[in-house]
Amino acid sequence: MNITDHNRVGILVGEEADLPWFVDSGFYSLLIRQGNRLGLDVYVITPSSSMSEGTGMIGYRYSAAAGTWSEETVPLPDLVYDRVFQKDARGLLRYRSSLVELRRKQDFILLGNGLAGKWKVYQALLREPGLRRLVPRTVRLQDASLLVSWFGSCSSAFLKPDSGTQGKGAIRIIKQEDSGLYYLEGRDFNNKPFAHKFHSVNDLVSWVRRFASRRYLLQPYLNLISRSGDVYDVRSLVQKNGEGRWTLTGMAVRRGSSGSVTANLHGGGSAEAAEPFLQEQFGTERGKEKCALLRSLSLLIAEHLEGHFGRLAELGIDFGVDQDGRIWLIEVNSKPGRSVFRLLCDEEARRNSLAYPMAYASYLLAQRGDHIWRNHRLRFPLRSQGTTGIKPSLTINE
């Protein structure tokens with residue numbers, strides 16, 4: 001292998017039983033075409049992709065001309081773009097094992113390092129004075145009995161899994177002071193809505209203890225609703241560009257379906273352009289100011305979290321804006337979806353959301369190639385510069 005040919009990108013995705021072997025194949029075909037335009041050799045791999053004794057593994061290539069996918073042996077990637085969304089413990093183990101096995105055979109750059117759980121992210125954000133006020137009061141729900149003291153001073157609660165995504169497992173609880181009833185609404189882990197009513201806090205605790213078997217976080221329920229009464233949030237997508245710098249790809253409002261606990265699109269929500277929506281809620285000038293502040297905060301959050309957790313490539317940041325105009329940070333996702341921009345028909349944001357990951361991959365690989373080439377020239381005399389198959393020992397990914 002020539003030391004300047006560090007251009008192979010494997011998009012690591014989760015597996016599905018149905019063809020073409022993995023979900024979101026249309027999205028990945030667009031990524032591949034974008035990468036090809038930049039001179040990258042891009043293909044899809046999965047945690048179950050078997051590796052040969054040599055320098056290859058099973059992968060999936062997309063033919064733009066034919067519009068079809070094919071399974072074939074592909075070279076080991078120089079960069080892995082991680083788009084795996086874990087569903088269970090077995091999948092997590094297989095995913096981690098696949099990265100360890102690949103690392104034994106090939107030194108690669110990992111693009112898409114995941115953040116820690118929500119609790120650790122909140123703790124990191126509290127260390128930045130400029131972000132501290134965005135974070136709602138958050139405690140770990142070590143045991144459901146904590147709700148007894150919580151409702152002694154609060155009339156609402158919002159529970160969400162520490163490692164949850166797409167609004168699954170989220171619960172809203174409202175205490176009616178006059179009747180003493182507790183009204184609970186949420187979505188199960190298959191994203192199906194449910195609702196319950198409890199006559200006592202002890203009945204509520206018993207139910208939550210059975211449902212919330214995994215680690216949960218407890219927050220006050222923020223009244224993040226529009227003038228029309230729909231729950232909504234603002235999704236901001238920030239990504240590294242081809243110069244390795246953070247840039248705001250786009251922002252959009254996600255409006256929840258009627259009666260929904262969250263505004264997540266997987267729960268039946270819809271998308272709207274952010275600035276016109278916020279202008280409608282807060283007036284023209286104030287709406288513009290809110291958008292400008294959200295843009296600045298998005299970049300500040302990305303830079304701060306990267307400084308705390310290590311190199312990141314992209315973040316989906318969800319903000320809430322209450323009826324008084326106060327901005328709240330709801331969640332940060334290191335493997336964001338892009339459907340919100342597709343639903344908006346925001347062509348520029350859609351193009352950039354595809355272009356930036358591949359442009360950043362190209363940037364990292366070019367840096368690595370330059371580093372290896374310089375290191376190669378330093379370590380070996382001129383008469384050895386044509387030698388192939390030599391891989392200097394570098395700690396590039398740390």
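Author: Gladly; what follows is a set of questions about a predicted model, each answered by setting a value against its cut-off.

Reader: Let me begin with a side chain: why is Gln-34 called buried?

Author: Buried means under 20% relative accessible area, and Gln-34 has 18%, so Gln-34 counts as buried. Gln-34 sits in helix α1, residues 25–37.

Reader: And what does Gln-34 touch, leaving aside residues up to four places away in sequence?

Author: The partners are Leu-354, Ala-355 and Met-358. Contact here means heavy atoms within 4.5 Å.

Reader: What makes β1 a mostly covered strand?

Author: Strand β1 spans residues 8–13, and six of its six residues are buried. Arg-8, Gly-10 and Leu-12 point one way, while Val-9, Ile-11 and Val-13 point the other way. Both sets are buried.

Reader: How do you know that β1 pairs with β2 and with β5?

Author: Pairing requires at least two bridges between two strands. β1 and β2 (residues 41–45) have five bridges, in the parallel sense; Leu-12, for instance, stands opposite Ile-45. β1 and β5 (residues 79–83) also have five bridges, again parallel, and there Val-13 has Arg-83 as its bridge partner.

Reader: Which strands make up the six-stranded open sheet, and in what order?

Author: The order is β7-β12-β8-β9-β10-β11, with antiparallel pairing.

Reader: What makes β7 and β11 the edge strands?

Author: Each of them pairs on one side only. β7 covers residues 139–140 and β11 covers 193–198. Elsewhere in the sheet, β9 (171–175) and β10 (182–187) pair over five antiparallel bridges, with Ile-171 facing Gly-186 as a bridge partner.

Reader: How do you know that helix α5 packs on this sheet?

Author: Helix α5, residues 146–153, touches β7, β8, β9, β10 and β12. Its direction makes about 145° with that of β8.

Reader: What makes a group of residues the largest nonpolar core here?

Author: Such a core is a set of buried residues of nonpolar types, joined through side-chain atoms within 4.5 Å. The largest one has 34 residues, and those with the most contacts inside it are Ile-301, Leu-305, Leu-315, Phe-319 and Val-332. Elements that each supply at least two residues include α3, α7, α8, β13, β14, β16 and β17. Six residues, the largest share, come from α8. A second, separate core has 25 residues, including Phe-22, Phe-27, Ile-32 and Leu-40.

Reader: What does Leu-305 touch beyond residues up to four places away?

Author: Among its contacts are Leu-115, Val-121, Ala-124, Leu-125, Leu-315 and Val-332. Three of these names return in α3, where Val-121, Ala-124 and Leu-125 are among the buried residues. What covers the buried residues of α3 includes α4, β7, β8, β12, α8 and β17.

Technical notes. Residues are numbered from 1 along each chain as its sequence is written. This is a predicted model: local features need pLDDT of at least 70, side-chain atom pairs count only at pLDDT 80 or more; totals for chains, interfaces and linings use all residues. Side-chain values use heavy atoms; hydrogens and water are left out. Buried means under 20% relative accessible area, exposed over 50%, partly exposed in between (1.4 Å probe, protein chains only). Helices (H or I, at least four residues) and strands (E, at least two) are DSSP runs, numbered from the N terminus. Axes are lines fitted to C-alpha atoms, for helices over the stretch in contact, and angles run from 0 to 180 degrees between N-to-C directions.
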